[in-house]
Amino acid sequence: MLAGCGSVLPERSTHPPQAQRRVLGAGAPVSEVMGHHDGEQLAHQNTSRRLKRMLRGIVLGEFWGIERDEWIELWAGLLGAVPAAVLSAAVAALVAVFVLGRSNRHQQALVEEQLKVQRNEAALAGEKAAMADLIAITNRFVSYGVGTDPDLIRRATVSFTAASYRWALETGDRNHASVLLSCASVLGGAGVVVSMTKEDSTGKFEDLHTAVRSILNEMVRLVANFGLAWYLDPPIARSAALEGLQKDAERLDEGVHSLVMASDASATVG
């Protein structure tokens with residue numbers, strides 16, 4: 001009986017206990033292998049539970065400790081703020097472009113105004129320089145008239161004529177040259193008469209010399225006063241001053257011719 005039963009009992013392993021543990025746990029004890037496996041399952045379960053809670057929280061609006069209604073208000077505010085921010089940025093850009101354009105136009109207007117002022121100042125400086133030269137040439141007739149060389153008077157007349165044209169070009173008015181040329185006629189004619197009659201030993205032209213020299217001095221004074229008044233007096237008085245100089249030049253020129261004709265007739269009669 002026992003012999004028969006002994007045939008069905010498992011044979012005892014001849015492997016040592018450590019070998020058995022290596023076979024069952026692939027080199028680790030059975031308790032360690034089971035504990036490690038249980039730990040992995042527990043971590044996996046915890047991760048699954050956290051994910052499920054997170055997903056459920058997202059669905060129910062309970063995520064990161066924020067309630068559902070708060071999530072709704074937050075997202076509504078964000079979605080409403082985006083168009084407002086875009087609109088604000090667009091308005092700010094338009095305002096910046098408008099302000100920049102206006103600033104550029106204002107700056108351009110200032111530059112143009114400054115250039116205009118500079119051009120006017122340069123033109124005025126040119127006019128004054130031409131008139132100063134004209135007055136300086138006019139004063140030569142006084143000193144040349146004291147001498148006895150008519151050629152000096154003629155050269156001074158040419159210089160005065162050139163200065164008259166220059167001043168007319170600076171002012172841009174032909175009428176100015178016309179008036180000053182009338183003055184040049186008086187200055188040249190009277191100057192020649194004065195220089196030619198200065199040393200008259202006969203004494204026949206003494207009165208003529210004195211009278212014409214007075215006319216010459218008056219013409220020089222009138223031209224100088226006209227030049228000063230043109231830039232020192234109010235501009236509204238310029239037209240009257242120019243017209244007055246024209247009349248004075250015509251009057252004095254006629255006086256010179258009348259004196260010369262009277263002197264010639266007296267000399268012929270004598």
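In the predicted model, helix α6 (residues 174-196) and helix α7 cross at roughly 150°, and their axes come within 8 Å. Because angles over 145 degrees count as roughly antiparallel, α6 and α7 are described as roughly antiparallel to each other. Their crossing is left-handed. On the α6 side, the contact is formed by His176, Cys183, Val186, Leu187, Ala190, Gly191, Val193 and Val194. These residues meet Leu208, His209, Val212, Arg213, Ile215, Leu216, Met219, Val220, Val223 and Trp230 of α7. Sorted by class, the residues in the contact of α6 with α7 comprise 14 nonpolar, three polar and one charged.

Helix α7 (residues 206-232) also packs with α5, at an angle of about 15° and with the axes 15 Å apart. This angle makes α5 roughly parallel to α7. The crossing of α5 past α7 is left-handed. From α5, Phe160, Trp167 and Thr171 take part in the contact, and from α7, Val223, Phe226, Trp230 and Tyr231. Six nonpolar residues and one polar residue make up the contact of α5 with α7, with no charged residues.

Glu170 is located in helix α5, which spans residues 150-171. When neighbours within four places in sequence are set aside, Glu170 is in contact with Ala123, Gly126, Glu127 and Ala130. Glu170 and Glu127 are 43 residues apart along the chain, and a distance of 5.2 Å separates their C-alpha atoms.

Definitions and conventions
Residues numbered from 1 in each chain as written. Predicted model: local features only at pLDDT ≥ 70, side-chain atom pairs only at ≥ 80, totals over all residues. Heavy atoms only, no water. Helix = DSSP H or I, 4+ residues; strand = E, 2+ residues; numbered from the N terminus. Contact = heavy atoms within 4.5 Å. Axes fitted to C-alpha atoms, helices over the stretch in contact; angles between N-to-C directions. Parallel < 35°, antiparallel > 145°, perpendicular 65-115°, else oblique. Left-handed = near helix turned anticlockwise from the far one by under 90°. Nonpolar A, V, L, I, M, F, W, Y, C, P; charged D, E, K, R; others polar.
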